[in-house]
Amino acid sequence: MEFLFIWFKEHFLFDRQGFQLSGEFRFDYDMENGTLAVSRNPLYVDGFYRLGNDSRQAVITNITAVIGRNGAGKSTFLNFIKKYLVPAQGLDFKDALVVYRHGEEHVVLYDGKDLEVNVVKEDAAIPDFMIRKNSEPKPYRSDTSFIFFSNILDLSAEENLNDYYNLSTNYLIKGDKRNRVERHFDHGDQSEIDVHRIEEINRQVIFVHDYETKFKE
């Protein structure tokens, strides 16, 4: 499963703004006309992530970097994906359009209340895109796993749910505190940061010990 394009009518900092996530295609959504133009990226290199002459499908099909200054909306963009698109806690979004690929299907999800979508392809070789309202079932949620990692430390609430693996610093800090209390090693007098520091040292010591043991064997 791969997200290809996300467009926002109005979402916090974003006002009629689209994000290109696909290496192969380029998208341009015109809200007034309700048209989603799809063209090929002339710089796309097919099989870029394949190793050597291996003709098998590459495990990695695309890497997208989200770059911007502080406050530009990088976290806001990722939080939209976490809140509305990940399988375990996906909700129905509003005022947005999401294009994704799942297996052989290319799908456009949109808010059918305020938006209209008509796909216009640059050439006939571009695959057809199925148009679905956001309220319809999303098949990719049953077989797609997401991993979230962030080293941001602001102690905001984070969860770790089915098909959503949270490796963020915020989640690890809260999880270390909770686990230590459950193991009766902590009686509430240590801060979350102090507990995380102790648990992280323990993890590193265990890792080094296990590595040396296996290396000697």
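Buried means under 20% relative accessible area, exposed means over 50%, and partly exposed covers what lies in between (1.4 Å probe, protein chains only). The legends below come from a predicted model, in which local features need pLDDT of at least 70, side-chain atom pairs count only at pLDDT 80 or more, and totals for chains, interfaces and linings use all residues. Residues are numbered from 1 along each chain as its sequence is written, and side-chain values use heavy atoms, with hydrogens and water left out.

**View 1. Phe25 and Phe129 form an edge-to-face ring pair.** Rings of Phe, Tyr and Trp (its six-membered ring) pair if their centres lie within 6.5 Å; planes under 30 degrees apart count as stacked, over 60 as edge-to-face and the rest as tilted. Here the centres are 6.2 Å apart and the planes stand at 80 degrees, so the pair of Phe25 and Phe129 is edge-to-face. The two residues are 104 apart in the chain, with Phe25 in strand β3 and Phe129 in the loop between β7 and β8. Helices (H or I, at least four residues) and strands (E, at least two) are DSSP runs, numbered from the N terminus. Phe25 is buried at 1% relative accessibility, and Phe129 is buried at 10%.

**View 2. Phe8 meets Phe77 within a cluster of rings.** The model has 14 aromatic pairs. In the pair shown here, Phe8 and Phe77 sit edge-to-face, 6.4 Å centre to centre with 85 degrees between the planes. Phe8 belongs to strand β1 (residues 2-11) and Phe77 to helix α1 (residues 74-85), 69 residues apart. Both Phe8 and Phe77 are buried. Look around them for the rest of the cluster, whose ring pairs link Phe8, Phe14, Phe19, Phe77, Phe80, Tyr84 and Phe93.

**View 3. Three strands make an open sheet in the order β3-β4-β7.** The pairing in this sheet is mixed. Two strands pair if DSSP finds at least two bridges between them. β3 and β7 (118-121) are the edge strands, each with a single partner, so one side of each has no neighbour in the sheet. Strand β4 (residues 35-40) runs parallel to β7, and four bridges pair them.

**View 4. Glu105 and Arg132 form a salt bridge between two strands.** A salt bridge is a side-chain nitrogen of Lys or Arg within 4 Å of a carboxyl oxygen of Asp or Glu, and the model contains 10 of them. In this one the closest N and O atoms are 3.5 Å apart. Glu105 is in strand β6 (residues 105-110) and Arg132 in strand β8 (residues 130-133), so the bridge ties together parts 27 residues apart in sequence. Glu105 is partly exposed at 31% relative accessibility, whereas Arg132 is buried at 12%.

**View 5. Asp176 and Arg203 join helices α2 and α3.** The closest N and O atoms of this salt bridge are 3.0 Å apart. Asp176 lies in helix α2 and Arg203 in helix α3, so the pair connects parts 27 residues apart in sequence. Asp176 is buried, at 6% relative accessibility, and Arg203 is partly exposed, at 32%.

**View 6. Glu24 belongs to a salt-bridge network.** Salt bridges with shared partners join Glu2, Glu24, Arg40 and Arg101. Glu24 sits in the loop between β2 (14-20) and β3 (25-30), and Glu24 is buried with a relative accessible area of 18%.
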